[in-house]
Amino acid sequence: MSKEKKESWNSRVGVILAVVGSAVGLGNFLRFPGEAVKNGGGLFMVPYIIAFLIVGIPLAWSEWALGRYGGNRGHNSAPGIFREILGTSKGAYLGMLGTIMPMLIYTYYVILEALCLYFAWGFLNGDIPKLGNDVGAVATHFKAAVGANANGELFSGSNSPMLICLILCTLINFSLIYRGISKGIEIFCAIAMPMLVVCAFVVLFRVITLPANPEHPDQNFINGLGFMWNPEQTRTTEVIQIPEGETLLPDSVHLSEHGENITPLLVKSDAQSIQVILDHHKHDGVAADNQFTITYETESGKNLGDTLTATEPQSYLKTLSNPGVWVAATGQIFFSLSLGFGLILTYSSYLKRDDDIALSSITSAAGNGFCEVVLGGMIAIPAAFIFLGKGFLSDPSNVGTFGLGFVALPNVFNQMPAGAFFGFLFFFLLFLAAVTSSLSMLQPTIALLEEGLGLSRKKSVSLLAVITLIGTIFIAWFSQGFAALDTVDFWMANFFIFIFATIQTIIFGWVIGKEKGYKELCSGAEIKVPKIIMVLIRYISPLYLLGIFLLWAKGILPGYIKAMAWSNGKPSVAFLSISFILLVITFFAFVVAKSNQRWRKEDLLEEKS
Amino acid sequence: MTVAGWMVMGFTVIGVISLLSWSIWKVISTPNSTEHLHGTMDIDPEDD
């Protein structure tokens with residue numbers, strides 16, 4: 001097919017910045033530090049770097065090459081590209097995921113984008129600074145903003161500024177996407193990305209220069225870095241059962257070691273049991289016998305105590321043998337590099353046959369890595385450590401994207417000098433990062449509607465606006481406990497992403513093949529592409545992806561399937577969300593069927609001429 | 001912060017900065033690199 005292309009990138013730097021913009025998002029500044037802290041601290045970097053080398057780079061090169069390959073044959077959408085490569089209309093259905101995934105992810109990502117804007121505005125107008133040093137108040141503010149307390153809360157009229165931010169973000173995204181590749185996405189990324197990096201450096205400088213917490217001098221920047229980067233070794237104690245008939249009084253647990261009070265890393269407790277997790281480093285060499293004394297109070301006023309024995313520190317190898325750490329690291333690489341979504345496939349389809357992809361791809365990955373490791377790894381956790389301490393950050397729920405970004409950090413900015421300005425700057429940079437990412441999520445569908453249905457840009461943008469608006473309203477409405485967001489995120493950004501990534505490596509490595517694939521990668525390359533890459537793409541990456549997928553699915557999938565069950569004769573939000581996803585898939589199957597008809601006609605016309 | 005922590009952070013940060021610096025240097029120093037790309041092809045949003 002040799003359809004005339006109407007759109008293209010305007011400059012080499014523009015493509016790189018757009019791809020970096022697509023990749024850099026909330027995941028770099030909030031998800032990465034949280035995942036590292038939850039999965040062994042500095043040890044997390046071992047699976048992270050391995051995943052980058054054996055999945056990240058091979059998959060990035062495959063996706064760039066597949067996109068350029070399809071683009072030079074007249075296709076910019078994943079269905080069109082897959083149909084062209086596989087030589088059958090069924091290929092278009094396989095590629096459908098590369099359109100549906102980014103579009104559905106956009107439907108909830110825009111809510112997070114609006115939340116960043118809302119928080120940036122909140123710091124400017126004083127709404128958030130006035131909450132002061134109160135984690136609970138900030139958490140309440142955040143939950144009210146997204147309507148986490150009840151379904152439909154966002155539309156109840158109680159929080160119109162957040163709704164205005166959501167409308168504003170939608171308008172910004174669609175007006176930019178309407179302007180097209182070079183005049184919209186490229187120009188915006190060329191302005192936003194440098195601005196984002198400058199904002200991040202200003203915030204980083206502020207965090208580095210923060211003095212230690214006067215009440216807790218060990219809560220300083222260097223120790224905060226240590227909390228993020230030290231290879232973590234922890235010790236646990238046995239679970240202590242509270243005597244029958246008694247109930248544990250919250251926050252009454254104290255630990256001592258040979259008469260000296262010690263601060264545990266984490267106390268996991270409920271009304272009837274306590275388990276303590278200890279930081280290995282702090283007590284290294286102090287307690288040779290690993291004996292600790294624990295005291296606690298019960299609600300009936302009794303002071304109880306016990307002696308407990310901590311386990312030996314967990315070895316580095318034991319931490320690394322935990323499959324969950326590898327799953328988390330691989331997932332982060334995917335998220336971080338925007339791989340397996342179909343975004344790069346569409347972006348690179350606007351390149352010419354002899355445009356370099358090898359160096360551009362590496363440059364984009366390095367730019368993203370810089371934002372993630374250097375900026376993301378040094379801002380959120382050290383800042384939160386100084387003001388909130390180790391105990392707060394040791395609770396996994398406090399270092400998730402929401403907990404860290406929208407509860408812990410606003411509280412941190414509220415406590416630091418000139419915090420309102422730095423809080424605004426931080427959330428504004430998150431907002432910019434989110435816009436550059438969300439733009440890339442819209443383009444794959446625009447490409448399909450334009451080339452598959454022959455719609456004009458105006459019509460395709462309008463149709464996409466209607467579809468995504470329905471999705472966003474659905475997710476924003478079923479906001480209680482983030483149920484709809486969580487379900488759609490799970491199936492799209494966790495489940496299907498692995499499947500689509502595996503399909504891409506197989507198509508590039510086995511359908512295009514070893515020789516042709518390598519030639520395709522080398523075409524226009526401005527660096528030498530190592531030959532081993534085809535071994536990685538053909539064997540190692542698919543096997544690694546499959547292994548990680550099975551491990552991950554075994555651990556998490558049953559819970560999400562169970563969540564779909566109806567209760568009291570009413571469908572659960574998870575069930576409704578799945579139904580919504582299926583509805584979207586059906587709609588896109590129809591679009592792809594119509595596109596196939598159109599492409600067949602074009603093929604026939606071409607054959608005749 | 002432990003010695004191991006400094007080493008992990010140093011290795012990762014220096015690695016990423018080196019890769020980025022090398023990539024940018026290659027992009028800038030490759031002759032006619034940007035000419036590989038198309039010239040501006042105006043997009044007409046009113047293309048119906």
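The model is a predicted one. The sheet has 4 strands with antiparallel pairing. Gln219(A) is buried, and Val488(A) is buried.

**The open sheet**

- The strands of chain A follow the order S4-S3-S7-S8, and their pairing is antiparallel.
- Strand S4 (260-262) and strand S8 (303-309) of chain A each have a single partner strand, so these edge strands are each left with one side lacking a neighbour in the sheet.
- From one strand to the next, the twist averages 35 degrees.
- Strand S7 of chain A, residues 291-297, is joined to S8(A) in the antiparallel sense over 7 bridges.
- Opposite Glu297(A) stands Asn303(A), a residue in S8(A).

**Gln219(A), a loop residue**

- Gln219(A) lies in the loop between helix H9 (181-208) and helix H10 (221-229) of chain A.
- The relative accessible area of Gln219(A) is 11% and therefore counts as buried, the cut-off being under 20%.
- Not counting residues up to four places away in sequence, Gln219(A) touches Ala212(A) and Asn213(A), as well as Phe385(A), Ile386(A), Phe387(A), Leu388(A) and Gly389(A).

**Val488(A), a helix residue**

- Val488(A) belongs to helix H18 of chain A, which spans residues 483-512.
- With a relative accessible area of 0%, Val488(A) is buried.
- Beyond its neighbours within four places in sequence, Val488(A) is in contact with Leu104(A), Tyr108(A), Ile475(A), Ala493(A), Ser577(A) and Ile581(A).
- Leu104(A) is 384 residues from Val488(A) along the chain, yet the C-alpha atoms of the two are separated by 7.5 Å.

How values were computed. Residues are numbered from 1 along each chain as its sequence is written. Chains are lettered from A and ligands numbered from 1 in the order in which they are written. This is a predicted model: local features need pLDDT of at least 70, side-chain atom pairs count only at pLDDT 80 or more; totals for chains, interfaces and linings use all residues. Side-chain values use heavy atoms; hydrogens and water are left out. Two strands pair if DSSP finds at least two bridges between them. Helices (H or I, at least four residues) and strands (E, at least two) are DSSP runs, numbered from the N terminus. Axes are lines fitted to C-alpha atoms, for helices over the stretch in contact, and angles run from 0 to 180 degrees between N-to-C directions. Buried means under 20% relative accessible area, exposed over 50%, partly exposed in between (1.4 Å probe, protein chains only). Contact means heavy atoms within 4.5 Å.
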